[in-house]
Structure formats: C-alpha cells, structure tokens
Amino acid sequence: MSGARRVAGRAEVAEVEAFLKAHPDIEAAEALVTDPTGVGRGKLLRVADLAKMYQEGRPLPCSIMSLDITGEDVEETGLVWDIGDADKLAWPIAGSLKRASWMGVPTAQLLLSLWEFDGAPYAADPRHVLAAVVRRLEEAGYTPVVAAELEFYVVDPARGADGRLQPPKAPTTGRRLDRIDVYSVIELEEFGPFIAELYAAARAMGLPVETLISEYAPGQLEVVLRHRADAMRAADEAIQWKRLVRGVAAKHGLLATFMAKPYSGRAGSGFHIHASLADAKGTNLFAAEDPQGTPLMRQAIAGLLATIADGMGVFAPNANSYRRFQSASYAPVARTWGVNNRSVAVRVPTGGPATRHLEHRVAGADANPYLAIATVLAGMHKGIVEKLDPGPAIEGNGYAQASADLPTDWLAALRLLQDSAFMKDCLGERFLAIYHAIKTAECRRFNSQVSELDLDWYLNRA
C-alpha cells in the first residue's frame, strides 16, 4: 500500500466520513470500475467495507479489464492466465461517492480506478487513457472544456408477439407510442413521473442535467449534461448518468438502452461531444464573432476530420454501432464540418461569441465515454500541433455533397484502429493492444452466430 500517497485523483478518507454522516441510513454501496467496453463492473459493499476501501483501497483482479461486453475473459489481452490474473489496487475517485436514490435499499454509488501497487496507473484502465490526453493538452497551455449529450431509448421490457422490441406504453395514459413525434411536449408529459424522477435522482447525485427533449423516434430521449472545464469529470458524469437512467427506468417498469440502433427503421442514438479549449484564466480560446470560430478552433476541427476514420473503432465499438450510419439519418457518413448544420460530422452550434465551441457528432451512445472523449481531444490536439486546415465548411445538405468515407463495418474499423499511429499515440500502445484484442474477439464471436435473419433469408432459398 506504500504507493497510495502517489495516486492522483484518489478520494480522501474525509469524503466517506462526511458522506456517511450526512446519510446515516446508507446500508450498502456499489463500487464500480468502467472496463474498456464501457461496462461498469465491481462489488456491492457493506458500510464498514466502504470506509475501509477509502483507507486501504480494494484489490480487484486485473482480468476485470480483459472482459468482452458479455463478461467473458479475452485471453488474447494477456491479462488473464499470462500473469496469473494478478490483483491490481482499486481506489475510490474523489467526488464520486453519491446516493443512488432509485435503489430500494438505501445505497450509495462510487467510481473506482485501478492502479499498480506501486502507485503507477494500470495500463488497461480506460480512465488513465483520458487522463494522459488531458495532461498533454494542459502541458500545451489548454484546458479542455467538455459537455456530453446522450440520446437513449426507453422500451417495453416485454417483447411483442413477433418477438421484436417494442416502444413502451406511456405510464400516465397507457398509450403505446407508435409514431415519430419529435420534440413532443405531450410525450414528455405522458412520461412525467419517470422524467421527474430522472431529474430528482440527478440532483441527488449532483449531475448537471440540463434540457431533456423527445427525439426522432417513439421513446427516444436526449439529455445534455452541462459543460465542465474538467474533461475527466464530464466523462465520470456521463458514466453516472447512464447508470442512473437505467436504474430509474427499471423502477418505472421501463427498459432504458443506450444501444446505438435498437430499431432497424428508427433513428440511432448518438453521443455528441461538445468541446472547446480555455486558457489558464478560463477564457474560451474558440470565442469569436465569426461563426466559424478562431483559427485555433478551425485547426482543432481539421484534426478531428483527419482522425475520425482511425477512431471509428472507439466511436462505434460494436457490430450494432454501424447500423446507425446511414444517409439522412442525423448520423454522419463522411468527414465533413459546418456551422449550424446537423448533416455533418463536426458541427459548430449557434450561440453567442463567448460560447463558441465544436460538436463532434460521430460517436454512438454505446461508446465508452472515457475513450470517446480522449479520442476527440487527441484529434483536436493533433490539428493544433500540425496547424491543419479543415477546408471550407459545408453549407446545406452534407449527405449530398460528400461521398461516404467512414468505415462501414466493424471489422474494417478494427483494422484501421490497429494500424493507426494516431490511435497508438492517443490510447497508448499497450491499451490499444488490449482494446483491439477484446473487440476482435467480440467481432469473431458475433459473426459466428447464426441469426433469425439468416434463417429467414436463406433456409429455404439458398
């Protein structure tokens, strides 16, 4: 435990003491680490064990970072038997201990990160990937300012008579949603109790939830989390928000999903990353009267355009992710940018000069927030360092003006990811090898399965 004093971002014991004093009824705590696939994994602790974790840390097997999205070991990561599934040390993340108000038993929730016993970052923890990218920008004099905008669906936990996913029934009226009713206030009212508890739970956790709107499909919602001049905190809050949404939805008899494309004929769910850079005084370095921002912002945009294809294995991490990228779908298919234009990959939203920032629209809601934000920030850094030019902004229909040039399938994206010098630099060579091994194993398993569509199409015709 001697390395504990050198662990950056570790919560102090005073944090848990103050929390338990303010919440004396707490009986348990969920302690979670986010694995490379974006899944939260960990342990349920009793209160006495919670206090002890803040004092001593908690050993967790290193293979917790070797799992595919279904929870199976991927031995090709080298994190299982090659090193005897050795323990690493989990420490609570400062500021992450919060009440999970939707739980039946009074329960807290906290986030963890994994470290070596000498205090060095554990290379397989995606949180350390983002930390390294943020340090690089800070050393160059920039503070990343980030906001997460996440779309998600609520669906009926019970499948339809045909075995397919179906939209939910509105809790207040019993009406099953059956049409696109984008921006509908009526739909929000029909889900009023669920939405009210989402906001209440977010307040209890200190999450900066702003506007919530009905999106472009029945049961699809979108929320914006307020921007933070702390990219790590923005990613932590995205993780906490996704877990909160699932928990509150289940309490209301709904299933919430951040799957990129739950319905074949409906809109996909994106993870739009809003970003700008500030100086040491907090001044927005993208601020400008010109809607296209400052030269620095245009360089950052150029860096994103230059690296989107390489990062698709992160932005679109699953087989289902690629079903989202279709023309005229509000998901980009080409490396394009524009002002006040939702048909492009990188958008400059409207707003006052002081609020000027970019919106990266590529990642799906299924992407790991730590990795997606890290890849965006690293792309911005590349554009600035190399003084890249994004070319002219798209005006009008970006789908009609640019040929689709993003990877269209999972395997192609994984090959680009593996061969990318940029992604090796962004994620770190060791983490990239681990992540690629996990996703390649998933791809192989997924593609080996015979689906119902296989049978429908080929059983009597092939």
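## His252

At 25% relative accessibility, His252 counts as partly exposed, because that class lies between buried (under 20% relative accessible area) and exposed (over 50%), with a 1.4 Å probe and protein chains only. The model is predicted, so local features need pLDDT of at least 70 and side-chain atom pairs count only at pLDDT 80 or more, while totals for chains, interfaces and linings use all residues. Residues are numbered from 1 along each chain as its sequence is written, and side-chain values use heavy atoms, with hydrogens and water left out.

His252 sits in the loop between α6 (231–251) and β10. Helices (H or I, at least four residues) and strands (E, at least two) are DSSP runs, numbered from the N terminus. Not counting residues up to four places away in sequence, His252 touches Pro193, Phe194 and Glu197. Contact means heavy atoms within 4.5 Å. Gly428 lies 176 residues from His252 along the chain, and 41 Å separates their C-alpha atoms.

## The largest pocket

The largest pocket has a volume of about 1500 Å³. On a 1 Å grid over the protein atoms alone, a pocket is an open set of points where a 1.4 Å probe fits, with protein on both sides within 12 Å along at least five of seven lines; a cavity is a set from which the probe cannot get out. Grid points are joined across faces, edges and corners, and the volume is the space filled by probe spheres set on the points.

The lining of the largest pocket counts 40 residues, each with an atom within 4 Å of a point. Nearest the centre of the pocket are Met259, Asn320, Arg323, Phe446 and Ser451. Four elements each give the lining at least two residues: β10 (255–257), α11 (410–419), α13 (429–447) and α14 (452–458). The largest share, six residues, comes from α14. By type, the lining splits into 17 nonpolar, ten polar and 13 charged residues. Here Ala, Val, Leu, Ile, Met, Phe, Trp, Tyr, Cys and Pro count as nonpolar, Asp, Glu, Lys and Arg as charged, and the others, Gly among them, as polar.

## Helix α13

Helix α13, one of the pocket elements, has 19 residues. It reaches 26 Å from its first C-alpha to its last, close to the 27 Å expected at 1.5 Å a residue. The expected span is 1.5 Å times one less than the number of residues.

The buried residues of α13 include Phe431, Leu432, Tyr435 and Cys443. Charged side chains are on that list too, namely Lys439 and Glu442. The buried residues of α13 pack against α3, α8 (312–315), α9, α11 and α12.

## Helix α7

Helix α7 covers residues 295–307. Its 13 residues reach 19 Å from first C-alpha to last, close to the expected 18 Å. This helix is mostly covered, with ten of its 13 residues buried. Among them are Leu296, Met297, Gln299, Ile301, Gly303 and Thr307. The cover over the buried residues of α7 includes the strands β12 (337–339), β13 (346–348) and β14 (358–360). It also includes the helices α9 (369–385) and α12 (421–427).

Arg127 belongs to helix α3 (residues 126–139). At 12% relative accessibility, Arg127 counts as buried. Leaving aside neighbours within four places in sequence, Arg127 is in contact with Ile93, Ser113, Met232, Asp236 and Tyr370.

Gly141 lies in the loop between α3 and β7 (143–155). At 40% relative accessibility, Gly141 counts as partly exposed. Its contacts, neighbours within four places in sequence left aside, are with Ala278 and Asp279. Gly383 is 242 residues from Gly141 along the chain, yet 15 Å separates their C-alpha atoms.

Strands β1 (residues 28–34) and β2 (residues 40–46) run antiparallel and are joined by seven bridges. Two strands pair if DSSP finds at least two bridges between them. Ala29 has Leu45 in β2 as its bridge partner. The two strands form a hairpin with five residues between them. In the turn, Gly38 has a positive phi of about 95°.

Asp85 is not a glycine, yet has a positive phi of about 45°. Asp85 is in the loop between β3 (58–61) and β4 (87–92). At 24% relative accessibility, Asp85 counts as partly exposed.

Lys387 is not a glycine either, and its phi is positive at about 50°. Lys387 lies in the loop between α9 and α10 (398–401). At 62% relative accessibility, Lys387 counts as exposed.
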